[in-house]
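Biologist: Please show me the protein, and then let us discuss it step by step.

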Amino acid sequence: MQEKSKAIPFLKKPPALDGSMAGDIGFDPLQISDLVPLQWSREAELKHARVCMLAVAGWWAVDWGFTVPYAPKVLSLYAHDAAVERGPMLAMLIPIAVIEVFAGIPKCFQIMNDPDAAPGGDYKFDPLGFGGSKDLQEKELANGRLAMMAFSGIVTQATLTGGGFPYTYNGVSDLVPPLGMASMPGFGS
């Protein structure tokens, strides 16, 4: 009988997920690890996780009133379109594209072609000396996975409600119902 996954006990254990990588809990219900090299997937996961951790902080900062020079003074939901119309988006796009071309793409080719390559997400840039331990790598992955889910939820709620933080139709009164009530139920009018 084939060994079962720890993450989803009724599915077979993915052969590539043996627990040796940080954050590996055997979760691969679509068996993508059979098709795509694990290091490639880890590189993509870390890249998306790091971007989403910054995106969540940036989205909240703009909705709480923090602005930078030349940035449009709008809610985060409308900031992309406003920045494209006024021009600052191009000033941000060019340096990001240069970094991706000269750091990201070569790293992906290195992962695909060199069996002794540094693990995905490791760019040998650690000026404070935090990296390296499996515990910190697992924390980064856990926070990154949470940030990916959080960013999806923030964008969805902001789009549905059309407002800023806390991304509800009526502000804080939707989160704390007694604030939106004229009187407490059961205590008269």
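**Questions on the model**

Biologist: Is Ile105 buried, partly exposed or exposed?

Modeller: Please keep in mind that this is a predicted model. Buried means under 20% relative accessible area and exposed means over 50%. Ile105 has a relative accessibility of 39%, so this residue counts as partly exposed.

Biologist: In which helix is the place of Ile105?

Modeller: The helix in question covers residues 88-113. Ile105 has its place there, in helix H3.

Biologist: What accessible area do the residues of the nonpolar patch on the surface have together?

Modeller: Ile105 is one of the residues that form this patch. Leu90, Leu93, Ile94, Val98, Val101, Phe102 and Phe109 also belong to the patch. Together, the accessible area of these residues and Ile105 is about 820 Å².

Biologist: Which pattern does the protein follow along the sequence?

Modeller: The protein has five helices and zero strands. The pattern is α-α-α-α-α.

Biologist: What radius of gyration does the protein have?

Modeller: For a compact globule of 189 residues, the value would be near 16 Å. The C-alpha trace of the protein spans about 70 × 50 × 30 Å along its principal axes. The radius of gyration of the protein is 22 Å.

Biologist: What percentage of the residues count as buried?

Modeller: The protein exposes about 13200 Å², of which carbon and sulfur atoms supply 68%. Among the 189 residues of the protein, the share that counts as buried is 23%.

Key:
Residues are numbered from 1 along each chain as its sequence is written. This is a predicted model: local features need pLDDT of at least 70, side-chain atom pairs count only at pLDDT 80 or more; totals for chains, interfaces and linings use all residues. Side-chain values use heavy atoms; hydrogens and water are left out. Patches are made of residues with over 30% relative accessible area and no salt bridge: like charges are joined within 9 Å, nonpolar side chains (Val, Leu, Ile, Met, Phe, Trp, Tyr) within 5 Å. Accessible areas come from the Shrake-Rupley method with a 1.4 Å probe; for residues, only the protein chains shown count as cover. A salt bridge is a side-chain nitrogen of Lys or Arg within 4 Å of a carboxyl oxygen of Asp or Glu. Helices (H or I, at least four residues) and strands (E, at least two) are DSSP runs, numbered from the N terminus. Buried means under 20% relative accessible area, exposed over 50%, partly exposed in between (1.4 Å probe, protein chains only). The radius of gyration is taken over C-alpha atoms; the globule rule is 2.2 Å times the number of residues to the power 0.38.
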